[in-house]
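Okay, thanks for making time, everyone. I'd like to walk you through one model today, so let me put it on the screen.

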Amino acid sequence: MYLLPDDSILHPKPGSIHYTDSYSTAILSTHPVTIEQTGSAFLSSAPRWVEQMLLFRDNLVRLFGLKVSQPTSRKQMQIAPGEKAGPFIILDKNKKELILGQDDKHLNFWVSLYLQSSENTPQLLLCTTLVHYNNIWGRLYFFFVKPFHRLIVPSLIKNVVHQLNTNVR
């Protein structure tokens, strides 16, 4: 079972989930942030080393016919279902959750950015990743990606929250 709030768009995700992780952190902004602000920060907060790794990954997997990231400038970014942003497609959204992901021939993945709010406590950003392998190539691919994923996501979430804390007043 994966860790998602009961009212998450992805809960319960149909089909089998082969990998899941969740990271959460408090947003200390003096004003509540929106899911659009959170999504924009997420899509524009990758550390430079992550951008370089994605470029290397894209050049490598292109040889095998897998989908590659689409460059997106911050001005072009729309936080709306169907929009493409780097390695993601915005799949769904509501007031407190944004679902990003991609389906490919080797695996499907989904990322939930979920804002939890309650009185007298800071907003909490919960970032959950779900992965489904479509075949042995997906399992093999993610075997090599997983260690990097576990480094990238916490770093990215740290940058997202820093950006939200500094830019939202």
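**A walk through the fold**

Let me start out on the surface, with P32: at 64% relative accessibility, that proline counts as exposed. P32 is found in the loop between β1 and α1. Its C-alpha sits 7.0 Å from the C-alpha of Q123, and those two residues are 91 apart along the chain. Keep in mind throughout that this is a predicted model.

Okay, zooming out. What does the secondary structure come to? We've got three helices and six strands. Reading from the N terminus on, the order is β-α-α-β-β-β-β-β-α. The protein chain has 169 residues, and buried ones make up 42% of them. If you take contacts between residues at least 6 apart in sequence, 62% of those join residues at least 24 apart.

Now for the rings. How many aromatic pairs does the structure hold? Five. One of them is Y19 with F142, a tilted pair, with 4.9 Å centre to centre and 55° between the planes. Y19 is in strand β1, residues 19–27, while F142 is in helix α3, residues 136–167, so this pair ties together parts that are 123 residues apart in sequence. Are these two buried or exposed? Y19 has 8% relative accessibility, so it counts as buried. F142 is at 5%, and that makes it buried as well.

Another pair is F88 with F109. Here the ring centres are 6.0 Å apart and the planes are at 70°; the cut-off for edge-to-face is over 60 degrees, so edge-to-face is what we call this pair. F88 comes from strand β3, residues 88–93, and F109 from strand β5, residues 107–116, so to speak a link between distant parts of the chain, 21 residues apart. On accessibility, F88 comes in at 14%, which counts as buried. F109 has a relative accessible area of 19%, and since buried means under 20%, F109 is buried too.

Y19, Y133 and F142 form one aromatic cluster.

While we're around Y19, have a look at H149. This histidine is found in helix α3, and at 12% relative accessibility it counts as buried. What does H149 touch, leaving out residues up to four places away in sequence? The list is Y19, D21, T129 and P154.

Next, the helix packing. Helix α1 covers residues 35–44, and its axis comes within 9 Å of the axis of α3, with a crossing at roughly 130°. How do we label that? The angle makes α1 and α3 oblique to each other, and the crossing is right-handed. If you want to select the contact in your viewer, take Q37, T38, A41, F42 and S44 on α1, and L156, I157, V160, Q163 and L164 on α3. Sorted by class, that contact of α1 with α3 has six nonpolar residues, four polar ones and no charged ones.

Which residues of α1 are buried? Those are I35, T38, G39, A41, F42 and L43. And α3 is one of several packing partners here: the buried residues of α1 pack against β2, β3, β4, β5 and β6 as well as α3. T38, A41 and F42 are buried, and they are also part of the contact with α3.

Last stop is a backbone one. Most residues other than glycine have a negative phi. N120 has a positive phi of about 65°, although it is not a glycine. Where is N120? Look in the loop between β5 and β6. At 81% relative accessibility, N120 counts as exposed.

Methods
Residues are numbered from 1 along each chain as its sequence is written. This is a predicted model: local features need pLDDT of at least 70, side-chain atom pairs count only at pLDDT 80 or more; totals for chains, interfaces and linings use all residues. Side-chain values use heavy atoms; hydrogens and water are left out. Rings of Phe, Tyr and Trp (its six-membered ring) pair if their centres lie within 6.5 Å; planes under 30 degrees apart count as stacked, over 60 as edge-to-face and the rest as tilted. Helices (H or I, at least four residues) and strands (E, at least two) are DSSP runs, numbered from the N terminus. Buried means under 20% relative accessible area, exposed over 50%, partly exposed in between (1.4 Å probe, protein chains only). Axes are lines fitted to C-alpha atoms, for helices over the stretch in contact, and angles run from 0 to 180 degrees between N-to-C directions. Angles under 35 degrees count as roughly parallel, over 145 as roughly antiparallel, 65 to 115 as roughly perpendicular and the rest as oblique. A crossing is left-handed if the near helix is turned anticlockwise from the far one by less than a right angle, and right-handed if clockwise. Contact means heavy atoms within 4.5 Å. Ala, Val, Leu, Ile, Met, Phe, Trp, Tyr, Cys and Pro count as nonpolar, Asp, Glu, Lys and Arg as charged, and the others, Gly among them, as polar.
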